[in-house]
Amino acid sequence: MTDLAAFGATRSDIKARHALLTPESHEWITQPDWPGAEMAWLISPDLGAGLAMGLVRCPDACDAAPASDGIARFVFCLEGALHLTDGTVLEPEGFAFQPAGTGSGLHLPAGARAVVFEWRFMARGSLPDALSGRVQDIAGRALRGDDRLIVQKMLPEDVRFDFEFNIMSFDPGASLAYVETHFMEHGLLMLDGGGVYRLDRDWYPVTAGDAIWMGPHVPQWFGALGRGPSRYLICKNYNRSPM
Ligand code: UGY
Ligand code: MN
């Protein structure tokens, strides 16, 4: 098949308040805090976002530095393994929340792939502890009674957390029940399947490996297509009022 990316084509689309970031346009860079790794930062405050979301891949083993002061981190293993400072090993679909200021780093053996989210943590009371888990251990709940759309919440429902990280699974043909508009923003990575994402006035075909930034108030809707389930990992600022 012709490599259309080599002829200047891409499905990536960066708008003022939302963005679709697709694999053929990823720019893999090295960073001193992630020696041995290559990173593609897909969402950053430069876009207007309140979070950063990046993919990490490791041609060589990497000892990642802790996040900067005041910055919380959430990591999700896509391939290989991630070793946490406390000895926990995350396999694919394992995740960890590292609160701001704990100085927790990460060891990634060669071959590991992960998605990393970082954001300036807004405390409410004491800081939550670090935690880790596995998607397969988390009970799913039907969203608004639709058992074709299941949500798994990876972080506890506890007001000390200022973000939530969820896996949303759609049966073929299932969709969000309405066009959502909310002040909270989202970072999203398609894990399986695909469908159509409406963002503002644009409609995009999306598939596994695509990433999306939805800025505050962006009208959003997803309908799943295909024969198998579609799943995405989505984060959202949460538990904090806009003022
Ligand atoms: O939690 C959410 O706001 C989620 N339903 N949004 C989305 O999937 N675009
Ligand atoms: Mn939403």
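1. (Buried takes 20 or more other C-beta atoms within 10 Å of a residue's own, exposed 12 or fewer, and partly exposed is in between; C-beta atoms are placed from the backbone.) Glutamate 27 sits in the loop between β2 and β3; strands here are DSSP runs of E with at least two residues, helices are runs of H or I with at least four, and both are numbered from the N terminus. Glutamate 38 is eleven residues away in sequence and 9.4 Å away in space, C-alpha to C-alpha.

2. A word on what you're looking at. This is a predicted model, in which local features need pLDDT of at least 70 and side-chain atom pairs count only at pLDDT 80 or more, while totals for chains, interfaces and linings use all residues. Residues are numbered from 1 along each chain as its sequence is written, and chains are lettered from A and ligands numbered from 1 in the order in which they are written.

3. The chain splits into domain 1 (4–135) and domain 2 (136–237), with bounds that come from an automatic or database domain assignment. Their centres, taken over C-alpha atoms, are 19 Å apart. Across the boundary, 35 residues of domain 1 are in contact with 32 residues of domain 2, contact being C-beta atoms, placed from the backbone, within 7 Å. On the side of domain 1 that touches domain 2, at least two residues each come from β2 (18–21), β3 (38–43), β6 (71–79), β9, β11 (113–120) and β12 (131–134). β2 gives the most to that side, with four residues. By class, that side of domain 1 has 22 nonpolar, seven polar and six charged residues; Ala, Val, Leu, Ile, Met, Phe, Trp, Tyr, Cys and Pro count as nonpolar, Asp, Glu, Lys and Arg as charged, and the others, Gly among them, as polar.

4. Now the core. The largest nonpolar core holds 65 residues, and those with the most contacts inside it are Val56, Val75, Leu108, Ala114, Ile212 and Leu233. Domain 1 (4–135) and domain 2 (136–237) both give residues to this core, so it lies between them. (A nonpolar core means a set of buried Ala, Val, Leu, Ile, Met, Phe, Trp, Tyr and Cys residues joined through C-beta atoms within 7 Å.) In soluble globular proteins, nonpolar side chains tend to be buried together.

5. Leucine 108, in strand β10 (residues 106–108), counts as buried because it has 26 C-beta neighbours inside 10 Å. Not counting residues up to four places away in sequence, Leucine 108 touches Ala37, Val56, Cys58, Ala61, Cys62, Ala64, Leu82 and Ala114. With the same exclusion of residues up to four places away, leucine 233 touches Phe76, Val115, Phe165, Ile167, Leu188, Leu189 and Leu191.

6. What surrounds ligand 1? The shell is made of Met168, Leu176, Glu180, His186, Gln220, Phe222, Ile234 and Lys236, on the criterion that a residue's C-beta atom, placed from the backbone, lies within 6 Å of the molecule. By class, the shell has four nonpolar, two polar and two charged residues.

7. On the annotation side, an unreviewed UniProt entry lists residues 167–233 as "domain: Cupin type-2"; such annotations may be inferred rather than shown by experiment, positions are in the numbering used here, and feature names are shortened. In the model, the end C-alpha atoms of residues 167–233 lie 5 Å apart, and the span is 0% helix and 55% strand.

8. Leucine 149 is in strand β14 (residues 146–153) and is buried, with 21 other C-beta atoms within 10 Å. Leaving out residues up to four places away in sequence, leucine 149 touches Ala142, Leu143, Met168, Phe170 and Ala174. Aspartate 171 is 22 residues from leucine 149 in sequence, yet 6.6 Å from it in space, C-alpha to C-alpha.

9. Two backbone angles to check. Glutamate 93, in the loop between β8 (89–90) and β9 (94–98), has phi near 75 degrees, a positive value in a residue other than glycine. Histidine 217, in the loop between β19 (211–214) and β20, has phi near 70 degrees, again positive in a residue other than glycine. Glutamate 93 counts as partly exposed, with 18 C-beta neighbours inside 10 Å; histidine 217 is partly exposed with 14 other C-beta atoms within 10 Å.

Terms used: Contact = placed C-beta atoms within 7 Å.
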